[in-house]
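Colleague: I have a two-chain model open and would like to go through it with you. Can we take it one question at a time?

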Amino acid sequence: MRRRKAVGSWQLAVGSYARFVSFSVIYFVVVAVSFCSVDSVQAQQPSDPTFQQGVLPPMGFYAIRNARIVTVSGPEIENGTVVIRNGKIEAVGANVTVPSGAEMIDARGLRVYPGMIDAGTSLGLVEVPEGAPGTVDASEIGEMNPNAQALVAINPHSAHIAVTRVNGVTTVLTMPEGGIISGQAAIINLNGTTPREMAVVPQAALVITFPRAAGRRAEFIAEQQGVTNLAQAIEAANRQVEQLRKLLRDAEAYGRAQDAYAHDKNLPRPSQDVVLASLVPFVRGERPVVIRADRESEIRAAVRFAEEMRLKPIILGGDDAWKVASFLKEHNVPVIVTGTLDLPLREDDYYDTLYTNAARLQQAGVRFCISSGFTNSETNSQVRNLPFEAGMAAAFGLPKDEALKAVTLYPAQIMGVADRLGSIEAGKMANIVVTDGDLLEARTHVRYLFIEGRQLPLTSRHTELYEQFKNRR
Amino acid sequence: MRDKIKRLIVFTISLAMFSAINPVHGQTRTPDNQAEQRREAPTETLIRNATVLTISHGTLQNSDVLIRRGKIAAVGQNLKAGGGARVIDATGKYVMPGIIDCHSHTMIDAINEGTVSVSSMVNVKDVLNPTDIAIYRELAGGTTTANVLHGSANSIGGQTIVVKLKYGRPASEFIFPGALPGIKFALGENPKRSNFPPLPGLQRRYPATRMGVEETIRDAFTRAVDYKKDWDDYRAAQKRGDKSVLPPRRDLQLEPLVEVLEGKRYVHAHSYRADEILMLINVANEFGFKVRTFQHVLEGYKVAREIAEHGAGGSTFSDWWGYKIEAYDATPYNTAIMMRAGVVVSVNSDSNELARRLNIEAAKMMKYGDLTEEEALKLITLNPAIQLGIQDRVGTIDLGKDADVVIWNGHPLSVYSRPETTFIDGEIFFDRQQDIARRADMERERAQLEQAEPNRPPAQGGTAPTIPRRRPSHDTDDEWDGGIDQR
């Protein structure tokens with residue numbers, strides 16, 4: 001199933017000018033570009049630290065025994081067994097009969113958790129953000145790039161992948177950035193030798209940066225357009241919203257025209273347009289749209305816009321979400337909270353304004369999850385610190401079990417993959433982390449790691465550099 | 001005349017309002033009542049029944065800490081305080097020394113004098129902004145002392161200063177008494193300006209390579225040695241009564257370097273790659289000075305032995321990596337390797353954000369390299385104190401040391417813990433309950449300000465406001481105050 005979807009994604013993956021190019025040329029360009037980008041990234045890496053290049057470890061048959069199992073979806077099992085087979089969790093419980101042939105893992109004194117999920121990264125798209133532009137593939141030219149697909153440019157051999165997963169983050173939403181429509185995000189497991197092997201959902205969400213009248217981008221536009229006061233800046237932002245509205249309406253019309261033609265070949269054949277085509281599932285509300293918005297007014301505007309356009313919105317960022325919690329609850333819009341460990345937006349905000357954001361959303365019954373934050377460039381190297389974002393939220397009022405859910409089950413639910421990920425339940429994908437302590441504590445060590453039932457070594461570029469130099473005298 | 005009186009009244013009222021709402025985060029402080037508060041502040045504080053992480057002599061259960069006149073007067077069980085002492089029941093809570101951040105740009109209104117390659121004539125002491133809200137936020141994270149550094153745009157940067165984060169006080173009261181001042185050096189990509197295009201209309205600045213960085217430092221110290229000799233000769237002549245020798249012309253650029261040569265000023269050297277670390281060690285050995293700390297020092301693990309032999313400290317990020325090419329060989333095991341090679345290591349922030357939670361940065365080192373609890377805690381207390389030469393004053397909970405202590409609601413190495421109260425010199429500079437109690441007043445004040453004339457929309461008689469600008473976040477090393485966002 002997911003392989004078939006992935007093939008589709010390769011065919012649709014094109015740049016912003018693609019609508020002017022014929023389809024076959026596009027396909028060629030995409031394939032060529034993807035080869036080039038992989039080559040250049042590899043050339044930048046002094047030595048590739050990922051293990052067994054080109055070979056995936058097998059989906060094994062394991063029984064993790066005598067462990068404290070933190071299922072997340074249900075009660076904790078004080079002393080139980082998890083059976084992993086064919087990439088899935090086959091059984092979990094206190095009294096599971098261990099089938100013969102399973103490799104036994106004695107986890108006495110250890111805890112078993114589902115792998116963590118970060119729904120706000122650009123992992124795989126950026127290797128070195130500064131000084132190595134050849135390794136940066138996060139942001140396309142132009143304002144509207146709905147057909148730029150993260151999955152196309154994910155480098156499976158990025159050193160960031162192993163560095164992140166050995167800390168227990170096994171799955172991420174990785175997304176393009178920049179412009180108004182940045183592109184399409186993919187949900188990937190942090191293991192695989194090709195993007196398609198990594199993909200859980202190749203085209204998981206459309207990413208929109210909601211236009212705003214202030215901030216870095218708005219300042220840039222203001223300078224370009226000679227805008228000097230707030231009223232003009234708001235007008236400029238409104239013009240961008242209008243631009244966005246028009247494109248989405250065009251996509252609706254495009255979808256209707258194509259459908260009509262499919263039913264009745266006597267109609268005039270509508271011309272193909274890859275940009276509009278890529279938007280159709282999103283304007284029809286079949287797939288979610290992640291909208292970056294931090295301030296109160298932007299969040300309200302983004303939600304209203306999404307409702308007007310009948311999109312399926314998810315707010316990304318949400319620094320001010322606590323201020324509009326009842327509004328978000330009322331409109332049933334979830335939030336990917338990225339700013340827990342950011343400095344508060346305003347100088348007169350309380351010192352703990354963002355530390356308490358998640359707790360307030362939880363108290364208000366808003367659906368939320370916690371992400372390490374998709375602000376820009378430097379964030380990829382911080383994805384491994386996802387658990388400490390949740391930990392800080394817990395230090396400031398979020399119940400501990402909710403903090404854990406905020407980086408496991410909740411992101412899975414918000415991204416629509418909770419049938420496969422986010423908890424330890426029979427039938428789910430075996431993304432499992434075995435630790436010697438609380439998963440969210442900085443001092444905790446990961447002892448075993450499984451992604452899709454494949455046991456992975458706890459090595460990364462960082463452990464290898466350690467091994468190389470620790471005994472130098 | 002009537003107009004004049006009216007204006008005078010308006011002026012008086014606004015003056016009164018201004019002093020009333022002096023935004024010390026809700027603490028209504030005028031110079032007068034500030035002095036009054038200080039007079040009223042108890043000279044003794046007894047923190048009772050806490051778990052005390054002394055850093056120097058282990059963890060004491062159910063113990064008390066007695067603070068008298070700004071110093072730690074006693075540590076033990078069943079201590080008695082005098083009448084009028086502030087007594088805090090810390091049952092179930094933890095007490096540790098205030099956190100020391102060995103790399104900060106908090107509270108300076110400019111970071112980089114980036115127009116020249118040797119900017120040793122400038123001093124961050126001249127641009128301390130005591131109202132920087134980042135100070136308060138860091139206090140709320142248990143940080144009490146910061147090594148405030150010039151940026152890294154130049155091979156030899158500006159002069160630096162150690163401060164105690166006494167939010168609400170004038171800048172002069174922040175300066176850590178007796179702490180040796182420093183100077184910032186920088187190696188690698190930032191002084192080369194390799195990631196920063198030149199300002200429009202300007203040529204690219206020398207140096208552009210690591211060769212040029214070395215040459216720039218060598219050239220400056222060659223001149224400094226000559227300059228020192230001129231003064232030594234002059235002073236010798238004075239001493240023997242020879243009035244014929246004229247005093248050398250003062251050189252404000254070279255004076256700080258002479259202080260380095262004389263051991264009166266610490267060198268804090270921003271560095272990434274192993275080769276450049278060795279380069280500076282060689283230059284320093286040649287000219288006979290010491291590098292006090294290598295800052296960032298992400299490849300320190302590759303040359304840990306050489307750093308230890310030179311006697312330099314390592315002040316590093318816990319786990320930053322990969323954000324530029326020279327950070328691509330970083331590993332969070334850097335701390336463990338350097339420490340085991342005999343380097344005194346601290347974990348720093350270089351960020352107003354990270355300086356709020358250095359406890360977690362320390363805790364990570366138990367994951368990466370299996371440091372013990374005490375070793376991890378030293379990274380943000382005793383070790384940075386040693387690096388800054390202030391270990392006799394701060395960094396541990398010991399008799400006679402400054403009462404810079406923090407009460408935590410749980411073990412400070414746990415992500416679930418947060419500071420409750422932060423003391424500097426025995427005075428409370430952050431208290432969570434007080435902070436929360438002030439919030440109703442803050443809300444009222446905010447509402448009043450929003451009603452003020454400049455914030456009124458045009459329809460109600462106001463003028464269209466300008467576009468809100470982001471407040472420049474002067475908190476990272478490579479921010480250059482050249483008027484243009486260099487990123």
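**The interface, then the sheets**

Modeller: Six salt bridges are counted between chain A and chain B. Keep in mind that this is a predicted model.

Colleague: Which residue of chain B meets the side chain of A:Arg461 in a salt bridge?

Modeller: The cut-off is 4 Å from a side-chain nitrogen of Lys or Arg to a carboxyl oxygen of Asp or Glu. Here the N to O distance is 2.5 Å. The partner of A:Arg461 is B:Asp329.

Colleague: Which helix gives the largest share of the side of chain A that touches chain B?

Modeller: Several helices of chain A each supply at least two residues to that side, among them H4 (159–165), H6 (216–225), H7 (230–263) and H12 (386–395). The largest share is six residues, and it comes from H15(A).

Colleague: How much area do chain A and chain B bury between them?

Modeller: The contact takes 63 residues from chain A and 65 residues from chain B. Carbon and sulfur atoms carry 53% of the buried area. The figure for the two chains is about 6100 Å².

Colleague: In chain A, which residues lose the most area to chain B?

Modeller: Three residues lead, and together they hold 14% of what that side buries. They are A:Glu130, A:Tyr350 and A:Tyr351.

Colleague: How many residue pairs are in polar contact between chain A and chain B?

Modeller: Both residues of a pair must be at pLDDT 80 or more. On that basis the count between chain A and chain B is 34.

Colleague: Is A:Thr463 buried or exposed?

Modeller: A:Thr463 sits in helix H15 of chain A. Leaving aside neighbours within four places in sequence, A:Thr463 is in contact with A:Leu458 and B:Tyr333. Its relative accessibility is 11%. The limit is under 20%, so A:Thr463 counts as buried.

Colleague: Which backbone nitrogen does the side chain of A:Thr463 reach?

Modeller: The distance is 2.8 Å. The backbone nitrogen belongs to A:Ser460.

Colleague: What covers the buried residues of H12(A)?

Modeller: Of the 10 residues in H12(A), 10 are buried. Among them are A:Phe388, A:Glu389 and A:Met392. From chain A, the cover includes S6, S7, helix H11 (357–363), S13 and helix H13 (400–405). From chain B, it includes helix H10 (358–367).

Colleague: Which residue just after H12(A) takes a positive phi?

Modeller: The phi is about 110°. The residue is A:Gly397.

Colleague: Which are the edge strands of the open sheet of eight strands in chain A?

Modeller: The order is S6-S7-S8-S9-S10-S11-S12-S13, with mixed pairing. The twist averages 25° from one strand to the next. An edge strand pairs on one side only. The edge strands are S6 (116–121) and S13 (368–370) of chain A.

Colleague: Why is strand S8 of chain A largely enclosed by the rest of the structure?

Modeller: S8(A) covers residues 181–189. S7(A) joins S8(A) through four bridges, running antiparallel, and S8(A) joins S9(A) through six, also antiparallel. S8(A) is largely enclosed because nine of its nine residues are buried.

Colleague: Which residue in the turn between S7(A) and S8(A) has a positive phi?

Modeller: S7(A) and S8(A) form a hairpin with six residues between them. The phi is about 90°. The residue is A:Gly178.

Colleague: Do S9 and S10 of chain A run parallel or antiparallel?

Modeller: Four bridges join S9(A), residues 199–209, to S10(A), residues 289–293. A:Thr209 stands opposite A:Arg292 in S10(A). The two strands run parallel.

Colleague: At about what angle does helix H9 of chain A run to S10(A)?

Modeller: H9(A) spans residues 296–308. The helix lies across S10 and strand S11 (313–317) of chain A. Its angle to S10(A) is about 155°.

Colleague: Turn to chain B. Which residues point one way from S10(B), and which the other way?

Modeller: Six of the six residues of S10(B), 266–271, are buried, so the strand is largely enclosed by the rest of the structure. S9(B) joins S10(B) in parallel over five bridges, and S10(B) pairs with S11(B) in the parallel sense over four. One way point B:Tyr266, B:His268 and B:His270; the other way, B:Val267, B:Ala269 and B:Ser271.

Terms used: Residues are numbered from 1 along each chain as its sequence is written. Chains are lettered from A and ligands numbered from 1 in the order in which they are written. This is a predicted model: local features need pLDDT of at least 70, side-chain atom pairs count only at pLDDT 80 or more; totals for chains, interfaces and linings use all residues. Side-chain values use heavy atoms; hydrogens and water are left out. Two strands pair if DSSP finds at least two bridges between them. Axes are lines fitted to C-alpha atoms, for helices over the stretch in contact, and angles run from 0 to 180 degrees between N-to-C directions. Contact means heavy atoms within 4.5 Å. Buried means under 20% relative accessible area, exposed over 50%, partly exposed in between (1.4 Å probe, protein chains only). Buried area is the accessible area (1.4 Å probe) that two parts lose on being put together, summed over both. A polar contact is a pair of N or O atoms within 3.5 Å; within protein, one must be able to donate a hydrogen and the other to accept it, and residues adjacent in sequence count only if both atoms are side-chain atoms.
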